[in-house]
Amino acid sequence: MNLVLLGAPGAGKGTLASYLIEKMGIPSISTGNILREAIKNNTPLGQQAKDFMDAGQLVPDNLVIDLLKERIAKRDCKSGFILDGFPRTIPQAEALDQVAKIDCALLVDVPYEVIEKRMTGRRVCLRCGATYHVDANPPRIAGVCDICGDKLVIRSDDQPEVVKRRHETYHEQTEPLVDYYEKQGKLTRIDGTQGIRETEKLAVEALGL
């Protein structure tokens, strides 16, 4: 199965992707990782991508698609793959359709209000990496890590203004993909508000695994 994961930043796509990799036995493909690997290996496409990046420009969609085409031709994608974070726009989805047959677009549906509460409530320990949430998983002492006693902080990505800006970008650029795949009859929605385990269960049921 060739699967695209959709959902706003903070909806839990990355966690779900990790679970589905194990459950389905297929790789999750990140265009960022593809770019870095191609540049590291100095492939012809990687060199082209590096030229754009060195010039401070975005890597063009057609080049990303060519890199993706190379990646999904590898043996580990024979039974399918999971795309998380690509496509982000309608033109990217249209280009993707030219090189791969997408069987399902799985939307992890979470309202913005829930995402905002999730992300702005996160606290992390920079010393040991422990993660907490002020409501769902609070430390024993507010603002102090249970494990090492260091001060907990809010990551820059979890600042309210950053969360809002990322959601606005998603709404403008990526949310139209929901309608795009729905018109193709490939969209499947699952409720992502019930926690990790319930979301995994709903995904398994929706995908018939």
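Q: In this predicted model, which residue in the turn of the hairpin formed by strand 5 and strand 6 has a positive phi?
A: Strand 5 covers residues 122–125 and strand 6 covers residues 131–133, and the two run antiparallel, joined by three bridges. Five residues lie between them in the hairpin. The turn residue with a positive phi, about 85 degrees, is Gly129.

Q: Which residue of strand 7 stands opposite Val124?
A: Strand 5 is also joined to strand 7 (residues 152–153), by two bridges, and these strands run antiparallel. On the strand 6 side, Arg122 has His133 as its bridge partner. In strand 7, the residue opposite Val124 is Val153.

Q: How far apart are the end C-alpha atoms of helix 1, and what span should its twelve residues have?
A: Helix 1 takes in residues 13–24, and at 1.5 Å a residue it should span 16 Å. The distance between its end C-alpha atoms agrees with this, at 15 Å.

Q: What arc do the buried residues of helix 1 cover around the axis?
A: The buried residues are Lys13, Leu16, Ala17, Leu20 and Met24. They lie on the same side of helix 1, because their arc around the axis is only 105 degrees.

Q: Which helix do the buried residues of helix 1 pack against?
A: These residues pack against several strands, including strand 1 (2–6) and strand 4 (104–109). The helix they pack against is helix 9 (196–207).

Q: What is the angle between the planes of Tyr180 and Tyr181?
A: One aromatic pair is found in a search of the whole structure. Tyr180 and Tyr181 form this pair, 5.1 Å centre to centre, and both are buried. The pair is edge-to-face, with an angle between the planes of 85 degrees.

Terms used:
Residues numbered from 1 in each chain as written. Predicted model: local features only at pLDDT ≥ 70, side-chain atom pairs only at ≥ 80, totals over all residues. Heavy atoms only, no water. Helix = DSSP H or I, 4+ residues; strand = E, 2+ residues; numbered from the N terminus. Expected span 1.5 Å × (residues − 1). Buried < 20%, exposed > 50% of the residue type's maximum accessible area, 1.4 Å probe, protein only. Arc of directions from axis to C-beta. Contact = heavy atoms within 4.5 Å. Phe/Tyr/Trp six-rings, centres within 6.5 Å; stacked < 30°, edge-to-face > 60°. Pairing = 2+ DSSP bridges.
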